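Open the model in your viewer and keep the selection tool at hand. We will go from one selection to the next and look at what is there.

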Amino acid sequence: MDNITKLNLLFDYYGDFLTKKQKNIFEQYYLNDLSLGEIAENTGITRQGVHDVLRRSQETLVNFEEKLGMVKKHIQQRKEIEEILALLKEIEPGLELSYKEKYRDVYNRVSSLLREGGV
């Protein structure tokens, strides 16, 4: 997983622990893809100030992950569900007709967890 994707996941889980200013600058930089200069102009602080806020925000998010591990758990659960779906696909051809409907129900319910971001 690349660094930006990981930071966005950390932000999804722990962003509410950032200050309003940190959240605003983080969103502008990582979600809206603005440059440090653009953010500095929008917020009335220097580019260095924006950089410092981003660095502190990242440190805060990483510290929460180190203590709570929610993103790591999310990634592990997602991988486990993908493996379960692969196993289900392998056994589908051998199922008796009477089990096909139940199989489809289980498969669809597990798939929806991934699509809806439940995991």
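The tour visits the core, then a helix, then some aromatic rings.

Before you start, note that this is a predicted model, in which local features need pLDDT of at least 70 and side-chain atom pairs count only at pLDDT 80 or more, while totals for chains, interfaces and linings use all residues. Residues are numbered from 1 along each chain as its sequence is written, and side-chain values use heavy atoms, leaving out hydrogens and water.

**Stop 1: the core**

Select L10, I25, F26, V50, L54 and L61. Of the 17 residues in the largest nonpolar core, these touch the most other members. Such a core is a set of buried Ala, Val, Leu, Ile, Met, Phe, Trp, Tyr and Cys residues joined through side-chain atoms within 4.5 Å; buried means under 20% relative accessible area, exposed over 50%, and partly exposed in between (1.4 Å probe, protein chains only). At least two core residues come from each of α1 (3–14), α2 (20–31), α3 (36–43) and α4 (47–68), and α1 gives the most, with 5. Helices here are DSSP runs (H or I, at least four residues), numbered from the N terminus.

Now centre on V50. Leaving aside neighbours within four places in sequence, V50 is in contact (heavy atoms within 4.5 Å) with I25, L36, I39, A40, T43 and I45. A second, separate core of 7 residues includes I81, Y103, Y107 and V110.

**Stop 2: helix α5**

Which residues of α5 are buried? Select V71, H74, I81, L85 and L88 to see them. They lie on the same side of α5, because they cover an arc of only 105° around the axis (taken from the directions from the helix axis to the C-beta atoms). Their cover includes α1, α4 and α6 (97–115). Turn to the other side of α5, where K72, K79, L87 and E90 are exposed.

**Stop 3: aromatic rings**

Rings of Phe, Tyr and Trp (its six-membered ring) pair if their centres lie within 6.5 Å; planes under 30 degrees apart count as stacked, over 60 as edge-to-face and the rest as tilted. By this rule there are 7 aromatic pairs. Select Y14 and F64: with centres 5.9 Å apart and planes at 20°, the pair is stacked. This pair links Y14 in helix α1 with F64 in helix α4, 50 residues apart. Y14 is buried at 0% relative accessibility, whereas F64 is partly exposed at 24%.

Finish with F11, F26, Y29 and Y30, which ring pairs link into a cluster. Within it, F26 and Y30 form a tilted pair, with centres 4.6 Å apart and planes at 40°.
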